[in-house]
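Could you walk me through this structure in plain words?

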Amino acid sequence: MMESHKIEDVLREKVAALPLEPGVYQFLDKDDTIIYVGKAKSLRKRVSSYFAQNKEHSSKVKVLVKHIRDIRHIVVNSEQDALLLENSLIKTHQPRYNILLKDDKTYPWIVIRRENFPRIESTRILRHDGSHYFGPYGSISMQRSVLEFIREVIPLRTCKLNLSPQNIAKGKYGVCLQYHIGNCKAPCIGAQSEEEYSQLLDMAKEVLKGDLRPVKRYLEENMQQAAAELKFEVAQRFKQRLTALENYQSRSVIVSAKIVDCDIFSLLEDDDVAYCNFIRLRHGSIVALHTIRLTTGVDSTREEMLTTAIQYFVENFAHSLSREVIVPFMPSTTLLFDKVIFTVPKRGEKAELLEFSLKSARIYRAEQMKNLEIKNPERHTERLMNAMQRELHLDRQPRHIECFDNSNLQGTNPVASCVVFRNGKPSRKEYRHFNVKTVVGPDDFASMREIVYRRYSRLIEEGAELPDLIIVDGGKGQLSSAYEVLCALGIEDKVPIVGLAKRIEEVFYPNDPMPYYLSRTGEPLKVVCHIRDEAHRFGITFHRQKRSKAFINSELEQIEGIGTKSLNTLLRHFKTVTNVRNASLEELAKVVGEARGRKIIDYFAEN
């Protein structure tokens with residue numbers, strides 16, 4: 001029983017570390033056999049649903065979950081890629097709990113036949129006959145919509161006639177309906193040259209490759225011509241076709257028609273470790289993906305690390321290499337790998353596969369770090385503090401951060417807030433509110449000077465700890481005002497200070513007119529946003545409370561004979577001014593006496 005709970009805890013930790021991106025997940029049993037392959041729009045959300053207590057789970061799912069001992073996953077770019085990769089892996093591994101694809105059907109492709117006046121057709125069979133294949137497509141409806149679009153926009157033939165020069169010259173054929181409705185220019189009777197046909201075919205190829213520019217120009221020219229001829233319905237059809245074209249994805253990195261069998265290796269290096277990812281392609285589809293972690297040796301070169309990693313994969317996973325191996329750079333020696341051609345691609349599909357492999361290595365590294373941080377939270381804190389120190393150009397880790405924000409409504413009820421973060425997390429017991437006392441009217445700069453002075457003059461007087469970083473919510477003006485106070489207190493060299501502009505990625509430093517831009521993808525920006533938002537929320541809440549209280553007090557203070565003591569007594573009993581207004585004389589008399597109750601009744605009756 002204890003063993004079962006331990007396995008469940010380990011699996012839950014793995015699920016918590018899964019990314020929220022689309023991909024494919026694999027469940028393995030105690031023998032490291034893949035028992036289930038599934039696709040997901042969000043890996044973490046989908047996989048976590050298996051381990052949630054759900055009465056709607058079928059008996060088959062419950063049995064499956066009992067046999068899970070490990071989880072692997074592959075992150076891809078889109079749901080379509082996840083669908084294609086799932087199909088490939090199910091056919092390769094035949095998992096026990098999947099609906100097995102007994103008919104061996106594959107996903108649809110679009111083929112440009114190798115023939116005179118080539119046709120563009122649908123197919124499910126890839127043959128190495130010199131034809132050009134595009135796809136695969138996630139569904140037959142998607143493929144049909146692309147074919148229909150090309151046939152509507154680009155006049156190419158759809159017939160199966162043998163359009164050899166001899167047959168055309170003999171005049172064996174006549175025009176068909178497609179010619180009369182404008183979908184074909186009749187190359188069968190010599191009305192269209194091979195050169196003109198090739199130009200239209202090239203445009204269709206660009207569409208299938210994902211380059212919409214040629215067909216966009218073609219559509220725009222036809223649309224403008226139709227509009228100039230007052231054929232607005234025709235122009236609208238061209239516009240709708242262009243919109244439809246922009247909504248489809250032409251091809252996938254997951255499955256390739258050109259690259260049939262090969263192995264791909266990528267290497268990601270850190271200071272003291274490296275990560276090597278291995279991908280195996282068979283019949284144009286990914287059938288295996290795995291990443292390992294290497295500890296770098298003394299004076300080890302990246303070429304030597306790649307060679308060691310390839311040897312490890314051959315001995316433990318691959319058993320032998322494909323004839324072609326794609327690598328980011330040449331290994332230290334190729335003599336160990338007999339009859340293998342190493343390729344270092346610069347562009348094209350092979351380069352895209354290499355980039356996909358490198359992305360998988362990055363994801364694996366991030367997950368490894370996240371798993372370590374789940375077990376050891378201080379590790380995450382240390383990494384975050386180092387990142388913030390580096391990103392904000394500080395001389396020490398910002399373990400203690402304070403952020404200031406002003407709040408007022410056209411100068412009324414001016415207040416300020418100071419929020420405190422320790423180790424990247426809010427320390428709410430140290431939050432402070434300030435009533436601005438010396439400033440009249442809406443003057444944010446003067447308010448900032450007053451609050452910063454009151455805060456740090458008191459800390460200095462008490463001998464309390466000064467923060468590692470001060471953040472001012474505002475641009476150069478607010479920053480300059482706060483920095484003047486630090487200079488007056490003599491602590492400008494002890495405490496770094498920055499200002500945040502309205503565009504949150506802009507950070508200002510004292511005596512520097514140019515802003516510094518934080519990385520939009522880094523954790524420091526998320527922490528800074530959290531601090532700024534928390535200061536704003538805390539200040540606004542206090543300002544609203546003060547404004548509401550001021551409104552209530554000013555309303556009841558207008559009543560002659562009602563002093564502060566009576567006012568507080570009324571609010572404690574009736575809670576709101578509305579309840580005081582609606583109270584009867586008898587109810588008021590019980591709280592403040594009949595005489596004062598009469599005055600309240602008369603006041604609200606007059607007003």
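Here is a short tour of charges, rings and backbone angles in this structure.

This is a predicted model, in which local features need pLDDT of at least 70, side-chain atom pairs count only at pLDDT 80 or more, and totals for chains, interfaces and linings use all residues. Residues are numbered from 1 along each chain as its sequence is written, and side-chain values use heavy atoms, with hydrogens and water left out. A search of the whole structure finds 23 salt bridges, and the structure also holds 14 aromatic pairs.

**Salt bridges around Glu115**

- A salt bridge is a side-chain nitrogen of Lys or Arg within 4 Å of a carboxyl oxygen of Asp or Glu.
- Arg119 makes one with Glu115, and their closest N and O atoms are 2.6 Å apart.
- Arg119 has a relative accessible area of 12%, so this residue is buried; buried means under 20% relative accessible area, exposed over 50%, and partly exposed in between, using a 1.4 Å probe and protein chains only.
- Glu115 counts as partly exposed because its relative accessibility is 28%.
- Glu115 also meets the side chain of Arg157 in a salt bridge, at 3.5 Å from N to O.
- That pair links distant parts of the chain, 42 residues apart: Arg157 is in the loop between α5 (140-153) and α6 (165-170), while Glu115 is in the loop between β4 (109-112) and β5 (120-123).
- Helices (H or I, at least four residues) and strands (E, at least two) are DSSP runs, numbered from the N terminus.
- Arg157 is buried, with a relative accessible area of 4%.

**A salt bridge within a helix**

- Arg537 and Glu534 form a salt bridge in which the closest N and O atoms are 2.9 Å apart.
- Both residues belong to helix α16 (residues 523-557), and because they are three residues apart, about one helical turn separates them.
- Arg537 is partly exposed at a relative accessible area of 40%, whereas Glu534 is buried at 7%.
- Elsewhere, salt bridges that share partners join Arg113, Glu115, Arg119, Glu121 and Arg157 into one network.

**A buried charge without a salt bridge**

- Asp405 lies in strand β12 (residues 400-409).
- Asp405 is buried yet has no salt bridge, and the nearest side chain of opposite charge, Arg532, is 7.7 Å away.
- For charges, Lys and Arg count as positive and Asp and Glu as negative, while His and the chain ends are not counted.
- The side chains of Asp405 and His536 are joined by a polar contact of 3.2 Å.
- A polar contact is a pair of N or O atoms within 3.5 Å; within protein, one must be able to donate a hydrogen and the other to accept it, and residues adjacent in sequence count only if both atoms are side-chain atoms.
- Leaving aside neighbours within four places in sequence, Asp405 is in contact (heavy atoms within 4.5 Å) with residues including Val415, Asp473 and His536.

**Aromatic rings**

- Rings of Phe, Tyr and Trp (its six-membered ring) pair if their centres lie within 6.5 Å; planes under 30 degrees apart count as stacked, over 60 as edge-to-face and the rest as tilted.
- The structure holds 14 aromatic pairs, and in one of them the rings of Tyr25 and Tyr36 have centres 6.2 Å apart and planes at 35°, so that pair is tilted.
- Tyr25 in strand β1 (residues 23-28) and Tyr36 in strand β2 (residues 34-40) are eleven residues apart, and their pair links distant parts of the chain.
- Tyr25 and Tyr36 are both buried.
- The rings of Tyr312 and Phe313 have their centres 6.2 Å apart, and because their planes are at 75°, the pair is edge-to-face.
- Tyr312 is partly exposed at 37% relative accessibility, but Phe313 is buried at 0%.
- Ring pairs also link Tyr25, Phe27, Tyr36 and Tyr50 into a cluster.

**Positive phi angles**

- Leu230 is not a glycine, yet has a positive phi of about 65°.
- Leu230 lies in the loop between α9 (213-228) and α10 (232-245) and is exposed, with a relative accessible area of 61%.
- His393 has a positive phi near 60° and is likewise a residue other than glycine.
- His393 is found in the loop between α13 (377-391) and β12, and counts as exposed at 51% relative accessibility.
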